[in-house]
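The sequence and structure come before the details.

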Amino acid sequence: MTILHYSDKLIRYLYEVDVHGGIRRAAEAMDVDPASVSRQLSQLARDMQLPLLERRGRNVVLTEAGRLLAEDYAHTHQRRSQLERRLRDLRHKRGGSITMRVGQGMVDEVVKYVLQPFSTRYPEVFIDISSGDMQSTMNLMALGKVDMAVGFGPHGPSGVKCQSYQRGPICAIVRPEHPIAGYEEVEIAELASYPLIGMGKEFGIQNYMDAMFSQEGVVFTPAYSCNLFSSAIALSQAGMGIAFMTTKVVEDALTAGSLAAIPVRHRIARESQCHLLRSADHRFTPVAQHLWQLLCQFFEQTAAS
């Protein structure tokens, strides 16, 4: 049986195992059963009469044959994505199209201060905007399905062009009546004595909080966990716990006086960053390059303010 007869889904499984460093993590990223992934990859190896995976300590890695298949999958889907982009550009005629990913906590300001003026100048351009965690964004970018992205986290990812900007300070977000609301800064140790509102592990803000608590020898133990910033804000406004984010995410609530933001007293909190990402080998169209420049200018200005 030739490679053309094998399911594209099975080759994708190999690619995801390579990206995530193991069957279980790959299965979680694809939202499928790990046992099913393992079973189907074993069957694929038997059909091809080649080992595709090997165990190194506790990790599972691709063999040379497995890596060749995974690389072919990535290249094939990158070319297919480029074709889809060109067809979409034709569909949208003069303007073309741009696909971007923006971290949840930055969507409002990117839309208001970047996309709105951009779309006024280029009304014909179709923009596909979505949110997601950094790892899935990187996967989509590697496959050519994302032109540019705005992310938040302790480190800019490797393998892409990345421009980083100061974003901090990270603050404890509480109701004005909360005991810490009048503080100039709040210590990690004191935060641990109150109900905390956490975010999923895929959120950059949670990576920052875990790092700070760990450095102080304290376990971050949330009373609530959210996968939406709007949910964390609602819980904080209800007085149910302390949320964590930069002031830019809750600008309107702070202006209205319904919430207070107290900087966390920690070096990591003061040095939080956001990152503008683009593929190292993807050439922008002129309008995409203009949008990229607008994003860079905006985050340069906000970092300086």
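## Basis and numbering

Helices (H or I, at least four residues) and strands (E, at least two) are DSSP runs, numbered from the N terminus. The model is predicted, and local features need pLDDT of at least 70, side-chain atom pairs count only at pLDDT 80 or more, and totals for chains, interfaces and linings use all residues. Residues are numbered from 1 along each chain as its sequence is written, and side-chain values use heavy atoms, with hydrogens and water left out.

## Helix 3

Helix 3 comprises 15 residues, 34-48. The expected span of a helix is 1.5 Å times one less than its number of residues. For helix 3 this gives 21 Å, and the end C-alpha atoms are 21 Å apart, which agrees.

Buried means under 20% relative accessible area, exposed over 50%, and partly exposed in between (1.4 Å probe, protein chains only). In helix 3 the buried residues are Pro 34, Ser 36, Val 37, Leu 41, Leu 44 and Ala 45. Viewed down the axis of helix 3, they fall within an arc of 165 degrees (taken from the directions from the helix axis to the C-beta atoms), so they line one face of the helix. Exposed residues Arg 39 and Arg 46 sit on the face turned away from the buried side. The buried residues of helix 3 are covered by elements including helix 1 (8-20), helix 2 (23-30) and strand 1 (53-56), where contact means heavy atoms within 4.5 Å.

## Positive phi and a cis bond

Most residues other than glycine have a negative phi, and most peptide bonds are trans. Gln 49, which follows helix 3, has a positive phi near 60 degrees. This residue is in the loop between helix 3 and strand 1 and is exposed at 69% relative accessibility.

Asp 31 also has a positive phi, about 60 degrees, and is not a glycine. Asp 31 lies in the loop between helix 2 and helix 3 and is exposed, with a relative accessible area of 71%. A cis peptide bond, with omega about 5 degrees, joins Gly 168 and Pro 169. Pro 169 is placed in the loop between strand 6 (160-166) and strand 7 (170-174).

## Pockets

On a 1 Å grid over the protein atoms alone, a cavity is a set of points where a 1.4 Å probe fits but cannot get out, and a pocket is an open set with protein on both sides within 12 Å along at least five of seven lines; lining residues have an atom within 4 Å of a point. Grid points are joined across faces, edges and corners, and a volume is the space filled by probe spheres set on the points.

The largest pocket holds about 660 Å³ of space. It is lined by 33 residues, with Met 134, Phe 152, Glu 202, Phe 203 and Gly 204 closest to its centre. Strand 5 gives the most to this lining of the largest pocket, with four residues. The second largest pocket holds about 310 Å³ and is lined by 15 residues, of which His 20, Ala 29, Gln 135, Ser 136 and Asn 139 lie nearest its centre. Helix 1, helix 2 and helix 6 each supply at least two of its lining residues.

## Cavity

One cavity of 30 Å³ or more is counted. The largest cavity has a volume of about 40 Å³, and its lining residues include Ile 197, Met 209, Phe 220 and Phe 244. Strand 8 (197-199) and helix 8 each supply at least two residues of that lining.
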